[in-house]
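Please look over the following notes with the model open beside you. They go from a single strand to the sheet around it, and then to a pair of helices.

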Amino acid sequence: MIRVMVVDDEALFRSGFRLILSSADDIEVVATTTGAEAVDTVRREHPDVVLLDIRMPDVDGLTVLRRLHALPKPPVVAMLTTFDADEYVLTALRSGAAGFLLKDTEPDHLAQLVRTLAAGGVVMSPKASRAVWQNHPGATAADDQEAGRVGRLSEREREVLVLIAQGLSNAEIGGRIHLSAGTVKDHVSAILTKLRVGSRVRAALLAQRAGLLDDDTRRRPEPGR
């Protein structure tokens, strides 16, 4: 079972997410709470995945994210937002969030997104992440310079990077392009090293910044040689 916790200041929203996720056979919503109670609740319930509202009046989501990542065994955290161009999302992703979900995500998709997070995948809509880059005041020339490191990757590594950014786990990437899990793991390690990043989310952000996920250039990766 995937243990999930929902953190939001609106009780109605918390109840809605609990109802939707609890209908999945492999997901258990172990708690719903406000931002002020989030860290203590995580310590008590030990969720695998936390869905965390980025804008809350009591304690904002970025503060909660930092406190959760300071725990000895932090859960996977994805941010919840109403706006696809929320200026705080990029800061959260840079601070260790494993992705972000729009609050109007289709109910049928929500459980699968939680499974992706639990499996170590990235949850980040290409369309929404483009809007994040375009509207974030901190997206500067330095970010473009970082994105230029994508050019150091081999063709196969770029192929794997696109799949990382699309939210696939190592096992799913291996199945897509017919590689063993060990080989995919080696590619991912090489990608993170060449890009000088410490997480799949940071790699996915650079892929987005470099234009690998643009609608007019993105294609379904085919097995390489």
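1. The model is predicted, so local features need pLDDT of at least 70 and side-chain atom pairs count only at pLDDT 80 or more, while totals for chains, interfaces and linings use all residues. Residues are numbered from 1 along each chain as its sequence is written, and side-chain values use heavy atoms, with hydrogens and water left out.

2. The protein has 11 helices and 5 strands, where helices (H or I, at least four residues) and strands (E, at least two) are DSSP runs numbered from the N terminus. Of its 225 residues, 49% count as buried, that is, under 20% relative accessible area with a 1.4 Å probe and protein chains only.

3. The 5 strands form an open sheet with parallel pairing, in the order β2-β1-β3-β4-β5, two strands being paired if DSSP finds at least two bridges between them. Because β2 (27-33) and β5 (100-102) stand at the edges with a single partner strand each, one side of each is left without a neighbour in the sheet. From one strand to the next, the twist averages 25°.

4. Strand β3 (residues 49-53) is mostly covered, with 5 of its 5 residues buried. V49, L51 and D53 point one way from β3, V50 and L52 point the other way, and all are buried.

5. Helix α3 (residues 61-69) lies across β3 and β4 and runs at about 155° to β3, with axes taken as lines fitted to C-alpha atoms, for helices over the stretch in contact, and angles running from 0 to 180 degrees between N-to-C directions.

6. Helix α9 (residues 170-177) packs against helix α10 (residues 181-195) at an angle of about 110°, with the axes 9 Å apart. That makes α9 roughly perpendicular to α10, a term covering angles of 65 to 115 degrees. N170, I173 and G174 in α9 meet V184, K185 and V188 in α10, contact meaning heavy atoms within 4.5 Å. The residues of this contact divide into 3 nonpolar, 2 polar and 1 charged, with Ala, Val, Leu, Ile, Met, Phe, Trp, Tyr, Cys and Pro counted as nonpolar, Asp, Glu, Lys and Arg as charged, and the others, Gly among them, as polar.

How values were computed
Angles under 35 degrees count as roughly parallel, over 145 as roughly antiparallel, 65 to 115 as roughly perpendicular and the rest as oblique. Buried means under 20% relative accessible area, exposed over 50%, partly exposed in between (1.4 Å probe, protein chains only).
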